[in-house]
Amino acid sequence: MTIGDITPKKERKSRRSKHVVDDTAPLLPKRQDEDAGYDEFNGASFTGAVFNLSTTIVGAGIMALPATMKVLGLILGIAMIIFMAFLTDASIEFLLRFSRAGKTTSYGSLMGDAFGKYGRIFLQICVLVNNIGVLIVYMIIIGDVLSGTSSSGVHHAGVLEGWFGEHWWNGRTFVLIVTTLGIFSPLACFKRIDSLRFTSALSVALAVVFLVITVGIAIIKLISGTIMMPRLLPDVTDLTSFWRLFTVVPVLVTAYICHYNVHSIDNELEDSTQIKPVVRTALALCSTVYIMTSFFGFLLFGDSTLDDVLANFDTDLGIPYGSLLNDAVRVSYAAHLMLVFPIVFYPLRLNMDGLLFPSARPLALSNMRFAFTTVGLITLIFLGANFIPSIWDAFQFTGATAAVCLGFIFPAAVTLRDRHSIATKKDKILAIFMIVLAVFSNVVAVYSDAYAMLRRIQ
């Protein structure tokens, strides 16, 4: 399941002369008219595209993956991470191949081509639900890291609280206000996704710093014999524990969702044939990071692994400079999420504008619409982060609803619709498999979560 040759034979490799304007599409075309006010732009580089797509993928999902190992065990958990990477690869291939056939330049216009106006609107709603949920998770994690969390019933101190003690200015709400106004808002003002390539590169580097420190700590403790070998297989003792295995599916789905940004990155590439290696490189990089984080995170904390593994890094690691390493891990990943925020926010704003103003001129040409949409969405995300207690709750909701639609159901539905008669029998079998797997797994996950919640209430 790899990205196939999705470039029509007559398409030129260079995108410099490409000029496509689709006012109804939720995602921006690459070029605008001369009076649009854009700087001269000759196309995004391969490296910049890989960093942007990798940043879209490696967001907050990585923090919940060690908790999935606690449910599945190491062997089944790592196998599921690899399996989801291949399935994501196949679903992106469907999107790009059918976009080429229909000459569409965005996910929304592809859904419109296949299912009409209501297909496009449904896609835009799913992008809103998914991206708002993901960005709320980012803020929750940043708040947990800097100001602490008590969502598990036990208070885990934040970095600022550990350094300076409890004060009003390092409380959760104030810290998130400063982060929103000082970091999120300025980065959200860029009108072209390639403008974020440098912050994306830095965010990937910070994720690698987090991973390297985590691996180093785990190896030191393993050599010293202070940690036990983690559980390799799931602990299934009754029917309830069996159904609980499916609760990890929404988290794994959310971890690979990047489909809403693939067209934007593809549109800005100078060489259109590079999208194949861009996607494969990004997926390979992110899968490696996911597997190592899941393995070593679960190795470190075992069955004590929290839903947000960063919250585990406020305990005594039992090694020299443990406190310093704890802070380095948490701060590096909090900074990573701050830089990921604008990459996920970019398609959220465009799809919100496309939903509210489907016939208006492109968002980049209207400063007033751009400003009001940006401020409104950031305010909504800020409020959500202050009222939703746990990232697992947010992942379960977005993963079981919008994320599974964006990642698998919609690409499979476009393939089965096959308006341009290009789908093979193998494509349709795979599409049916995606839909059945997605629907069954997420229905079971929702049922299992609801049942567990009712039991807690009783």
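User: Are Arg369 and Asp353 buried or exposed?

Analyst: Arg369 is buried, as is Asp353. The label buried requires under 20% relative accessible area, exposed requires over 50%, and partly exposed lies in between (1.4 Å probe, protein chains only). The model is predicted, so local features need pLDDT of at least 70 and side-chain atom pairs count only at pLDDT 80 or more, while totals for chains, interfaces and linings use all residues. Residues are numbered from 1 along each chain as its sequence is written, and side-chain values use heavy atoms, with hydrogens and water left out.

User: What do the side chains of Arg369 and Asp353 form?

Analyst: They meet in a salt bridge, with 2.8 Å from N to O. The pair links distant parts of the chain, with Arg369 in helix H14 (residues 367–387) and Asp353 in helix H13 (residues 322–356), 16 residues apart. A salt bridge here means a side-chain nitrogen of Lys or Arg within 4 Å of a carboxyl oxygen of Asp or Glu.

User: How many salt bridges does this rule give?

Analyst: The count comes to 6 salt bridges. Some are joined: Glu93, Arg97 and Asp427 are linked in a network.

User: Which other residue meets Arg97 in a salt bridge?

Analyst: Asp427 does, with 2.9 Å from N to O. Arg97 lies in helix H3 and Asp427 in helix H16 (residues 425–457), so this pair ties together parts that are 330 residues apart in sequence. Arg97 has 16% relative accessibility and therefore counts as buried; Asp427, at 10%, is buried as well.

User: How many residues of H1 are buried, and what covers them?

Analyst: H1 is mostly covered, with 9 of its 12 residues buried. Among them are Gly48, Ala49, Val50 and Asn52. The cover includes helices H8 (197–224), H10 (249–255), H11 (259–268), H12 (275–301) and H13.

User: Which residues form the nonpolar patch on the surface?

Analyst: Such a patch joins nonpolar side chains (Val, Leu, Ile, Met, Phe, Trp, Tyr) within 5 Å, using residues with over 30% relative accessible area and no salt bridge. Here the members are Trp163, Phe164, Trp168, Trp169, Phe174, Val178 and Val331, with about 750 Å² of accessible area together. Helix H6 (159–164) and helix H7 (172–187) each supply at least two residues of the patch. Val178 is found in H7, and counts as partly exposed because its relative accessibility is 46%.

User: How many helices and strands does the protein have, and what share of its residues is buried?

Analyst: The protein has 16 helices and 0 strands. Of its 458 residues, 56% count as buried.

Notes: Patch = residues over 30% accessible without salt bridge, like charges linked within 9 Å, V, L, I, M, F, W, Y side chains within 5 Å. Areas by Shrake-Rupley, 256 points an atom, 1.4 Å probe, with all protein chains shown as cover. Helix = DSSP H or I, 4+ residues; strand = E, 2+ residues; numbered from the N terminus. Contact = heavy atoms within 4.5 Å.
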